[in-house]
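Visitor: I would like a close look at a single part of this model. Please take me through it step by step.

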Amino acid sequence: MDPVLSFDQVSKSYGGAPAVRELSFSVAPGTVCGFLGPNGAGKSTSLRMIAGIHAPDAGTIRLLGAPPNHKTLKRIGFLPEERGLYKKMRADAAIAYFGALKGLSGADARKRARELLEAGGLGAHRRKLVKTLSKGMAQKVQILAAIAHDPEFVILDEPFSGLDPVNQKSFEEIVRDLRARGRTVLFSTHVMEHAERLCDSIVLIAKGRKVFEGGVEEALALAPRSALVETDAGFDLAGILTTRNFSLRGAILSVAEQNLQRAEIVLETDSDSRRLLAALVEAQAPLRLFEPRKPHLHDVFVRLVGENATPAG
Amino acid sequence: MREIFLIARREYLAYVTAWGFWLQIIALPIFGILGGLVGGLAANSDPVRSFAIIETGSEWTQVIDAALVKDIKDQTEDKLDEIALNSGLPEDLAEQAGEAFDAAPDIEAALAAWRNVVGDRLPASLQSALKPAPARFRRVAPPETSIEGLRPFLIGEKTLANGTKEGDKLYAALILNSKPGSIGPEAQYWSANLTNPALRQFLNAALYDGAREKSLSNAGLTRDNITAIGKINTRIKSFNPKRVAEAGNSASQAVTFRDQLPFIVGMIMTYVLWSAVLGVANTLLMGVMEERSNKILDTLLTSASPGQILIGKLAGVAAVSLSLLASWGIMAAGAGMWAASGGAAGIVQSAAETAFNPALLGIFATGFIFGYLMYGSMFLAMGSLCETLQEAQSLMTPILFVMMAPLLVMVFALSNPDLAWIKIMSWIPIFTPFLMLVRAPAGLESWEILGMMALMLVTTGVMLWLAGLVFRAGALRRLNAADLGRFLGVRTKKPASATPES
């Protein structure tokens, strides 16, 4: 199937300062794709180019089979990073207004607004003015406005920022629901857990360039594995690790009040986990804990982008 | 097109459901009514000014007493002229009634003579207004015989023993002394009021008339001769040469107050246009500024192009101002009907005929459309560059100063529409919508009307194009007010820079 979105060698600069450099990636239909990168990586610029707000300086963007244009943009939903609604507008009217701007008839837009607010748990607040809603509610109203016309492709720029955990979970549900209905979602986030939980694929960019594109499992495979080991204090853990060619992540931590020592040991391959355990048993180590650790996207991020890069928008 | 309609409708509903809109609707008529009330109150609350005369003998005191009686008659005649005009009496009938009034020996007889000529042509509601005008001045006996003695009365430390509330105060004193070798007396006018010259002017005129009569009498003229001379009244009647060609007979070519109405209506229309343009332009600026600061523009831009947003906003706010104008028009019509039922049918009819003159209405409509688009697009573009009220105010201030100019020019244009500098100013595009309307009643040449319309068309086109550029820059590239000059300057040199996003 043709991708819903494709970037081919896209570049964009402002006054000579490059924001996006020769970026190429694609998003398959019916998937949720995470768009990750540190501050100033070019994420918002890329998303604004998809939404037709900016034009690329070079390269090609294809959205739903064509360059972003009036027709294709009607089929997408876009939630910008910096959000706002008309404060003196009612919640249902705001959703209906943006739905109508995307092509719904007036009656359909109002009906859809009611349905979405009910489904989103905001039915009781639908007649309230936006300025009287809490921040979380207002953000929810805005994402509902972005999907009011049931778009094929939804672009969310930092949808979870500024939300409390309850509302973050609620937003995750909205994304899962979109995927369940066959819609494609591309979202940027600085919370790696969201990407890990929601995404089928991720695109990681830094300084305007792509550093990774692929499935989440594929990304996680790039992350260094490790195991957490705890033994009684006094055991020569460092000596065993050195003789068996294992390296430490950080230093061995001594917990005096529990009379133990703790270390995180880097595992280069899956078999290293078994090899480490065998070595410890063989050395009759007084083990208290042996826990192979599952890699996370944060680790992938740090490995690919660097320790100093903040995983943010 | 649908996007434009939806944006326009949202703008319209947002404004008409706000308190400010309704306040604006009632503000203009309220200020109009207040202005009228204050004017009427000032005219009716003018107190009767009491004055005293200190004179050796009574020769000139008698002259002034006679002038006081005549003043009431003159004031009454002015009032009758106004009634005749407002009620729509034919001009020749009003003139006959005036002559009958003049010929009568006293005020009561004069009123009866006027009433006889007019007959039942006067609406019943105005019959009660046919009475002598109240006295403006009253002579009282001096409480003291020297200016030193009168001083406490004149500065309010003492009041007169009798009289009305205002009459209790001595407003002025006139000291009259015979001057050897002179027909008239030497007069000193004493009053603590330095700003109102009415009484002083009245006394001066009365003494001058008395001295003139005395001089004529000394020259050997009889009392009847002097009276006949006093009645000589050379009245210059004005005619409008532009009406000769239209009317064809001299009676209907004479200039009356009705001929001045177009200028007054033109001035009112200019003021209404100015208020409407300023009101809606300001609304546009604030609205866009709110959208930019609330980050709504980003959301809008994914659904509509900057051009559609710009046009939608202009259309929505234009509908708001048309609603304002319609509301004011309905109120004016209601006020006119009320005034007509109260005896002002003549003046209302004339005003309505003038206001609904197709040529004047056409110029008003043209001025409104182009004025609104010019200023509206300018303010809208400015709003797209601002995120705070302070930024907006700093951009608005110079424009507001420019917009004050037509109001100031309007005052001069009313009495001297042909002044060269007014003509020149009316060709400066930002003033043209207003000054064209001010000058229209004086009669604009066809080439001037067409030229000004062409000028406004071109200027509006350029302004819309520029506004589009600035709006795009403000909305898409997030330029701010400080970047404006750089943006416009560098467009022909090199690309403007803007803050890159993440």
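This is a predicted model: local features need pLDDT of at least 70, side-chain atom pairs count only at pLDDT 80 or more; totals for chains, interfaces and linings use all residues.

Now the helix. Helix 6 of chain A covers residues 165–180, 16 residues in total. From first C-alpha to last, the helix reaches 22 Å. That is close to the 22 Å expected at 1.5 Å a residue.

Next, its two sides. Phe171(A), Val175(A) and Leu178(A) are buried. Viewed down the axis of helix 6 of chain A, the buried residues fall within an arc of 55°, so they line one face of the helix. The face turned away from that buried side carries exposed residues: Pro165(A), Val166(A), Glu173(A), Asp177(A) and Ala180(A).

What covers the buried residues? The cover includes both strands and helices of chain A. Among the strands are strand 3 (32–36), strand 6 (153–157) and strand 7 (184–188). Helix 5 (135–146) and helix 7 (192–198) are included too.

Helix 10 (residues 271–282) of chain A packs on a sheet. That open sheet has four strands in the order 11-12-10-13, with antiparallel pairing. Strand 11 (247–255) and strand 13 (287–293) of chain A are its edges, each pairing on one side only. Helix 10 touches strand 10 (225–232), strand 12 and strand 13 of chain A. Its direction makes about 145° with that of strand 12.

Terms used
Residues are numbered from 1 along each chain as its sequence is written. Chains are lettered from A and ligands numbered from 1 in the order in which they are written. Helices (H or I, at least four residues) and strands (E, at least two) are DSSP runs, numbered from the N terminus. The expected span of a helix is 1.5 Å times one less than its number of residues. A residue is buried if 20 or more other C-beta atoms lie within 10 Å of its own, exposed if 12 or fewer, and partly exposed in between; C-beta atoms are placed from the backbone. The arc is that of the directions from the helix axis to the C-beta atoms. Two residues are in contact if their C-beta atoms, placed from the backbone, lie within 7 Å. Two strands pair if DSSP finds at least two bridges between them. Axes are lines fitted to C-alpha atoms, for helices over the stretch in contact, and angles run from 0 to 180 degrees between N-to-C directions.
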